[in-house]
Amino acid sequence: MNLNIIKKDLSQSHIYRILVRKKICLLLFLALLLILNFLLDLALGPANYDLWDIAKALIMPNTVPVQLRVVLWDIRMPMALMALMPLLVGAALSVSGAQMQTILNNPLASPFTLGIAAAASFGAALGLVFGLRLFPIVTEYMISINAFIMALFSVCMIYLLSLRRGVRAETLVLLGIAMVFTFNSLLALVQYFSHEQAVAVVVFWTMGSLMKATWLKVAVVFSIFILTLPLLIKRVWALTALRLGDEKAQSLGINVKNIRLEILLLVSLLASIPISFVGAIGFVGLVGPHIARMLIGEDQRFFMPASLLTGALLLSISSVVSKLLIPGIVVPIGVVTSLIGIPFFVTLILHSRRNTW
């Protein structure tokens, strides 16, 4: 009897090791795809280059023509970095969406459903239309600062309301939806009172664009990512337990309310800064985590890095597609991510009607 139990334990242990190796291989494959797409993103543009020339310019920049070196390092590299793991926007939005879905136990949760993007768009519009500064320092990054302050204001409002007794995860989602409608209405009001040229500028900002990327913005978003990611990694077991339900998580000694509010603040910060720099890029925070979940599962040790990679890969692919849709014209990347994300979003809604998430 004991021998059979030992054999069964060994068999289960062997299956577990195989599953872990499979997940690690999937993560490495996603990383390889991301690197290849990153090189392709650098090669494409108004002037196209061979992948070999791009690789040589990265490794030995002094051996390539000055024109290629300037185009690569000063123009295309910052744009491509904004879609590369673990540096930036795609990874940040996807990780944010993944943890929002986890703590709110809602498959449709993302930085957009909590009103972060809508608030950032309203803040940017105040600067673009009226020249209003929400921070009293004149700087070339006034629009980004306005967007960040309004996004942070939205998060703080949700956080303060969530402290009320009896507030549940479902309530946070409803509060987020209320924020979305509120700031969208305010944005429409700003556009109504602005002249035609200002409306065009605001609309372009809300579409999202990696053309706004600079090395300073890359450094800021990367710094935020490096600061928040270790705090999220530290809580992987608690986040995994949350997927079992609040009652089971509490029985394992997890303070569900505290961990939910803590993660909410972290991921909101992680999402709001990239959005304030590159505009409202939609669906990455929704689609990326679901692709990772289908490939890896719910174990946060693998789900979090998978979300990071899928989000970065999705945005990087969208960057390539935005250059290929119309030759000579770079389509706003927010339009491309929405076109990619909408079919998945509809499929997700129909699927959630048949199954409990």
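Q: Of the contacts between residues at least 6 apart in sequence, what share joins residues at least 24 apart?
A: That share is 74% in this chain, where contact means heavy atoms within 4.5 Å.

Q: What kind of model is this, and how are residues numbered?
A: It is a predicted model, in which local features need pLDDT of at least 70, side-chain atom pairs count only at pLDDT 80 or more, and totals for chains, interfaces and linings use all residues. Residues are numbered from 1 along each chain as its sequence is written, and side-chain values use heavy atoms, with hydrogens and water left out.

Q: How many helices and strands are there?
A: The chain has 15 helices and zero strands. Both are DSSP runs numbered from the N terminus: helices are H or I with at least four residues, strands are E with at least two.

Q: How much of the chain is buried?
A: Of its 357 residues, 49% count as buried. Buried means under 20% relative accessible area, exposed over 50%, and partly exposed in between (1.4 Å probe, protein chains only).

Q: New topic. At what angle do α4 and α13 pack?
A: About 70 degrees, with the axes 7 Å apart; α4 covers residues 89-104 and α13 covers residues 284-296. The two helices are therefore roughly perpendicular to each other, a label for angles of 65 to 115 degrees.

Q: Which residues make that contact?
A: On α4 they include Gly90, Leu93 and Gln101, and on α13 they include Val284, His290 and Arg293. By class, the contact has five nonpolar, seven polar and one charged residues.

Q: How many salt bridges are there?
A: The count is five, a salt bridge being a side-chain nitrogen of Lys or Arg within 4 Å of a carboxyl oxygen of Asp or Glu.

Q: What does Arg243 pair with?
A: Arg243 forms a salt bridge with Glu298, and their closest N and O atoms are 3.2 Å apart. The pair links distant parts of the chain, 55 residues apart: Arg243 is in the loop between α10 and α11, Glu298 in the loop between α13 and α14.

Q: Buried or exposed, those two?
A: Arg243 is buried at 18% relative accessible area, whereas Glu298 is partly exposed at 26%.

Q: Which residues form a network there?
A: Arg243, Arg293 and Glu298 are linked by salt bridges. The Glu298 and Arg293 side chains meet at 2.9 Å, N to O, and Arg293 is buried at 11% relative accessible area.

Q: And what about Asp299?
A: Asp299 has a salt bridge with Arg301, with the closest N and O atoms 2.6 Å apart. Asp299 is buried at 16% relative accessible area, while Arg301 is partly exposed at 32%.

Methods. Axes fitted to C-alpha atoms, helices over the stretch in contact; angles between N-to-C directions. Parallel < 35°, antiparallel > 145°, perpendicular 65-115°, else oblique. Nonpolar A, V, L, I, M, F, W, Y, C, P; charged D, E, K, R; others polar.
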